[in-house]
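Here is a colleague's note to read beside the model. Please keep the viewer open and go point by point.

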Amino acid sequence: MYTRLQSARQQWGGSSTAIDNWLEDRQQLIVSYCKLAALPPFDKQNQDNQLPAQEDILCFCQLLMDYLSAGHFEVYDQIVSQCEINGNDSKSLAEALYPKISASTDIALEFNDNYAEPSAENSFSTFDHDLSALGQALEDRFGLEDELIQTLFANHVTVSA
């Protein structure tokens with residue numbers, strides 16, 4: 001995930017305030033995910049296989065919702081509208097990718113619904129599995145988002161803030 005982020009920053013960094021902010025949000029989300037999943041370099045903090053603290057889960061869920069919102073309500077609209085202007089090929093790609101991106105949104109929303117607010121009905125027995133599935137969905141999503149952005153920039157469309 002982080003390697004893809006670095007590549008995205010190298011390719012598109014500085015070209016749009018909205019995309020720069022979105023990539024910064026992506027970095028915060030990835031770091032928070034790695035902490036929650038106890039992935040390197042954070043793997044030493046959770047050696048006894050306990051669940052992360054609820055405040056860490058809540059912080060991650062807030063970052064996740066902020067990232068999804070920024071994508072849907074700021075960046076995607078801008079990219080899709082530019083792709084529509086650019087021609088049928090770009091518009092077709094945007095229309096093909098959007099449902100795939102939306103599928104990851106559903107997984108993220110379900111994770112948030114299940115873990116952001118603890119309740120008596122909430123079973124954390126599947127937390128690790130659900131977090132892993134979310135991580136894979138985010139990895140897939142980042143690739144699709146980058147494909148959208150690449151299409152936009154490959155066709156020399158300028159994105160403004």
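1. Start with a serine. Ser 104 is found in helix 4; helices here (H or I, at least four residues) are DSSP runs, numbered from the N terminus. Ser 104 is buried, with a relative accessible area of 6%. Buried means under 20% relative accessible area, exposed means over 50%, and partly exposed lies in between (1.4 Å probe, protein chains only). A polar atom of the Ser 104 side chain lies 2.7 Å from the backbone oxygen of Ile 101. Ser 104 also touches Ala 137 and Arg 141, not counting residues up to four places away in sequence. Contact means heavy atoms within 4.5 Å.

2. A word on the source. This is a predicted model, in which local features need pLDDT of at least 70 and side-chain atom pairs count only at pLDDT 80 or more, while totals for chains, interfaces and linings use all residues. Residues are numbered from 1 along each chain as its sequence is written, and side-chain values use heavy atoms, with hydrogens and water left out.

3. Now the charged residues. How many salt bridges are there? The count comes to three. A salt bridge is a side-chain nitrogen of Lys or Arg within 4 Å of a carboxyl oxygen of Asp or Glu. Arg 26 forms one with Glu 145, and the closest N and O atoms are 3.0 Å apart. That pair links distant parts of the chain: Arg 26 sits in helix 2 and Glu 145 in helix 5, 119 residues apart. Arg 26 has a relative accessible area of 0% and is buried. Glu 145, at 1%, counts as buried too.

4. Arg 26 has another partner. Asp 146 forms a salt bridge with Arg 26, with the closest N and O atoms 2.9 Å apart. Asp 146 is buried, at 10% relative accessible area.

5. The remaining bridge joins Glu 145 to Arg 141, with the closest N and O atoms 2.9 Å apart. Glu 145 and Arg 141 are four residues apart in helix 5, so about one helical turn separates them. Both are buried. Taken together, Arg 26, Arg 141, Glu 145 and Asp 146 are linked in a network of salt bridges.

6. Look next at Arg 4. Arg 4 is found in helix 1 (residues 2–12). At 30% relative accessibility, Arg 4 counts as partly exposed. Leaving aside neighbours within four places in sequence, Arg 4 is in contact with Arg 26, Glu 139, Phe 142, Gly 143 and Asp 146. Arg 4 and Asp 146 are 142 residues apart along the chain, yet their C-alpha atoms are separated by 8.7 Å.

7. On to the aromatic rings. The count comes to nine aromatic pairs. Rings of Phe, Tyr and Trp (its six-membered ring) pair if their centres lie within 6.5 Å; planes under 30 degrees apart count as stacked, over 60 as edge-to-face and the rest as tilted. Why is the pair of Trp 22 and Tyr 67 stacked? Their ring centres are 5.6 Å apart and their planes are at 15°, so the pair is stacked. Trp 22 lies in helix 2 (residues 17–36) and Tyr 67 in helix 3 (residues 54–86), so the pair ties together parts that are 45 residues apart in sequence. Trp 22 is buried at 1% relative accessibility, and Tyr 67 is buried at 0%.

8. Compare a tilted pair. Phe 111 and Tyr 115 are 4.8 Å apart centre to centre, with 45° between the planes. Phe 111 is buried, at 3%. Tyr 115 is buried, at 1%.

9. Last, the nonpolar core (buried Ala, Val, Leu, Ile, Met, Phe, Trp, Tyr and Cys residues joined through side-chain atoms within 4.5 Å). The largest has 36 residues, and Leu 29, Phe 60, Leu 64 and Phe 111 touch the most other members. Helix 3 gives the most to this core, with twelve residues.

Note on methods: Helix = DSSP H or I, 4+ residues; strand = E, 2+ residues; numbered from the N terminus. Polar contact = N/O pair within 3.5 Å; in protein donor to acceptor, adjacent residues only side chain to side chain.
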